[in-house]
Amino acid sequence: MGRIEINFRCKVRKLKTLCNFALMEFSSKLLENAVYEMSQLPGIGRRTALRLVLHLMKQPPEQSERLSAALTAVREQIRFCTNCFNISDVELCEICSNPKRDESLICVVEDIRDVMAIENTGQFLGHYHVLGGKISPIEGVGPQDLNITALIEKAKQGKIGEMIFALSPTMEGDTTNFYIYKQLQGLEVKTSTIARGIAVGDELEYADEVTLGRSILNRIPFENSLKTS
Ligand SMILES: [Zn+2]
């Protein structure tokens, strides 16, 4: 499917959403605005948006104030760990500043939801590196759009003993793993990938904790995953 066709489809979908929204009758511009903004969130359709806004209207005003203050604070004040790009309130995240964790063992993940999912397993005591996405030519995401340079730089400085690729097993995940693997050629870094107890195409964050925990403990050398795929 060509890129132009995809763009066209996206535009048609957007137009349909706008038309559907326009069909909703609002007796208040304020309500309409609130519902519209809420419906911009992923997974929130206009009906759900309306239900949420009406719910908030029934609650004491402090609830809406707390919600809006929390969202503003998270947007304005939260930062990314300068070492691993995990989300953090301070320069170095809690994981990177914990001396009990092995800084030479790096688990490479797509985003912070994966860090949370793996942390919940309690099976991993190394550090992470959050890429901020996956290479996806179809969506126009190239290696330069991700936190890959910092990762390779760390490897070149001899700071990494083993790198575990823990991206979701999709085509984009595999492409990203392979790109990083190629960048590591000539460096003394052991590479492994999480065992595929996780079904192909599954997102990492949806895997149950036991499965995900085992898949990290039973990780396999990355080269082996290339031979089987
Ligand atoms: Zn960190």
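This report describes the fold, core, sheet and selected local features of a predicted protein model.

## Overview and confidence

The protein chain has 229 residues, of which 26% are buried. Its secondary structure consists of nine helices and seven strands. Among contacts between residues at least 6 apart in sequence, 56% join residues at least 24 apart.

The average pLDDT of the protein chain is 86, and 83% of the residues score at least 70. Confidence is highest in β4, at 97, and lowest in helix α1 (residues 3-23), where the mean is 58. Where pLDDT is low, the predicted coordinates should not be read in detail.

## The sheet

Five strands form an open sheet in the order β4-β3-β5-β6-β7, and the pairing is mixed. The edges are taken by β4 and β7 (220-221); each has a single partner strand, so one side of each has no neighbour in the sheet. Strands of a sheet pair through backbone hydrogen bonds, either parallel or antiparallel.

Strand β3 runs parallel to β4, and the two are paired over five bridges. Within this pair, Cys-107 stands opposite Tyr-128 in β4, and Val-108 stands opposite His-129 in β4. Strand β3 is also parallel to β5, to which four bridges join it. Here Ile-106 has Met-163 of β5 as its bridge partner. Together, β3, α5 and β4 make a β-α-β unit that is right-handed.

In soluble globular proteins, nonpolar side chains tend to be buried together. The largest nonpolar core of this model has 32 residues, and those touching the most other members are Cys-107, Val-108, Val-109, Tyr-128, Val-130, Ile-164 and Ala-166. At least two residues of this core come from each of β3 (102-109), α5 (112-121), β4 (126-130), α6 (149-156) and β5 (162-165).

What does Val-130 touch, leaving aside residues up to four places away in sequence? The residues it touches are Cys-84, Phe-85, Asn-86, Val-109, Asp-111, Ile-112, Val-115 and Asn-147.

## Phe-85

One of the residues that Val-130 touches, Phe-85, is found in the loop between β1 (79-80) and β2 (87-88). Phe-85 has a positive phi of about 70 degrees, although it is not a glycine.

Is Phe-85 buried or exposed? With 22 other C-beta atoms within 10 Å, Phe-85 counts as buried, because the cut-off for a buried residue is 20 or more.

## Helix α6

The buried residues of α6 are Leu-151, Lys-154 and Ala-155. They lie on the same side of α6, because they cover an arc of only 100 degrees around the axis. Among the elements that cover these buried residues are β3, β4 and α7 (171-183).

The face of α6 turned away from its buried side carries Thr-149 and Glu-153, which are exposed. Just after α6 comes Gly-158, with a positive phi of about 75 degrees.

## Summary

Strand β3 is paired in the parallel sense with β4 and with β5.

Notes:
Residues numbered from 1 in each chain as written. Predicted model: local features only at pLDDT ≥ 70, side-chain atom pairs only at ≥ 80, totals over all residues. Buried ≥ 20, exposed ≤ 12 C-beta atoms within 10 Å, placed from the backbone. Contact = placed C-beta atoms within 7 Å. Core = buried A, V, L, I, M, F, W, Y, C linked by C-beta atoms within 7 Å. Pairing = 2+ DSSP bridges. Right-handed = clockwise from strand over helix to strand, strands pointing away. Arc of directions from axis to C-beta. pLDDT = per-residue confidence, 0-100.
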